[in-house]
Amino acid sequence: MRIVVGVTGATGAVLAVRTLRALTNLGVETHLICSRWAETTLKLETDLSLADLYSLASVVHRVDNLAASIASGSYRTDGMVVVPCSMKTLAAIRMGLSDNLIVRAADVTLKERRQLVLVVREAPLHELHLENMHALARAGAVIFPPVLGFYHRPRTLDDVIDHVVGRILDQFGLSMPVPRWGEPAPQGGASNESTPL
Ligand SMILES: Cc1cc2nc3c(=O)[nH]c(=O)nc-3n(C[C@H](O)[C@H](O)[C@H](O)COP(=O)(O)O)c2cc1C
């Protein structure tokens with residue numbers, strides 16, 4: 001399986017790290033693109049360097065390389081996740097403003113009718129944010145705000161993050177051992193549990 005992972009400058013760099021780790025643990029080929037502001041949030045919010053993040057991906061693409069393989073629909077992928085997805089990138093995808101590789105790859109994913117998951121992060125939301133999400137949902141994207149769940153009785157922030165990441169992976173038919181309503185608790189916890197940031 002091959003999945004494109006776009007990382008933008010919304011808060012929540014940890015979500016990108018955990019999603020990449022989980023995809024790698026599942027043997028998925030990942031194509032990573034980081035925006036300039038994703039680099040900043042990674043530095044501000046974690047102890048990881050950009051090189052650390054890159055080391056989690058199978059292939060790394062520069063955000064300004066519009067000649068990359070994933071800029072073309074003829075290059076086959078199983079979809080794309082933008083995690084976290086800023087309101088700026090959301091708006092650019094909505095408008096088809098493909099002037100960087102994250103937006104272009106998302107545009108390609110939509111036009112090829114592949115799975116596009118947008119882990120949108122902003123609060124509160126104004127009407128234009130909501131309009132952009134609505135338009136993209138109608139165009140086939142999955143709008144996936146990383147909202148907290150409590151029905152699985154999380155004890156740590158790790159539990160909350162793993163639950164969000166597990167539900168993101170569900171959108172691609174990939175399964176990681178997270179608590180699920182109506183199912184026995186996974187043995188040994190989620191695969192990312194206790195992984196240091
Ligand atoms: C620490 C930090 C946190 C931010 N959090 C958000 C956020 O949660 N959502 C958002 O839409 N923008 C957020 N921004 C602003 C974006 O980084 C900014 O709009 C940027 O232009 C996004 O560009 P990109 O989508 O190309 O990464 C944040 C910026 C910083 C420095």
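I take a polar contact to be a pair of N or O atoms within 3.5 Å. I note that the model I consulted is predicted.

Entry 1: I looked up the polar atoms facing the ligand. A polar backbone atom of Arg121 lies 2.6 Å from a nitrogen atom of the ligand. For Thr11, I found a polar backbone atom 3.1 Å from a ligand nitrogen. At Gly9, a backbone N or O atom is 2.7 Å from an oxygen atom of the ligand. I then checked the cover: the ligand alone exposes 640 Å², of which the protein buries 72%. I recorded α2 (36–45) and α4 (87–95) as the elements that contribute two or more residues to the shell.

**Entry 2: the shell.** I found 14 residues around the ligand, and those that come nearest are Gly9, Ser35, Ser86, Thr89 and Arg121. I sorted the shell into seven polar, four nonpolar and three charged residues.

**Entry 3: aromatic rings.** My search for ring pairs gave a count of one. Tyr151 and Trp181 make up this edge-to-face pair, with 6.0 Å between centres and 90° between planes. Tyr151 belongs to the loop between β6 (142–143) and α7 (157–170) and Trp181 to the segment after α7, so the pair ties together parts 30 residues apart in sequence. I also looked up accessibility: Tyr151 is partly exposed, at a relative accessible area of 43%. Trp181 has 70% relative accessibility and is therefore classed as exposed, the threshold being over 50%.

**Entry 4: charge over a ring.** I noted that Arg36 places its charged end over the ring of Trp37, 4.4 Å from the ring centre.

How values were computed
Residues numbered from 1 in each chain as written. Predicted model: local features only at pLDDT ≥ 70, side-chain atom pairs only at ≥ 80, totals over all residues. Heavy atoms only, no water. Near = heavy atom within 4 Å. Polar contact = N/O pair within 3.5 Å; in protein donor to acceptor, adjacent residues only side chain to side chain. Areas by Shrake-Rupley, 256 points an atom, 1.4 Å probe, with all protein chains shown as cover. Helix = DSSP H or I, 4+ residues; strand = E, 2+ residues; numbered from the N terminus. Nonpolar A, V, L, I, M, F, W, Y, C, P; charged D, E, K, R; others polar. Phe/Tyr/Trp six-rings, centres within 6.5 Å; stacked < 30°, edge-to-face > 60°. Buried < 20%, exposed > 50% of the residue type's maximum accessible area, 1.4 Å probe, protein only. Lys NZ or Arg CZ within 6 Å of the ring centre and 35° of its normal.
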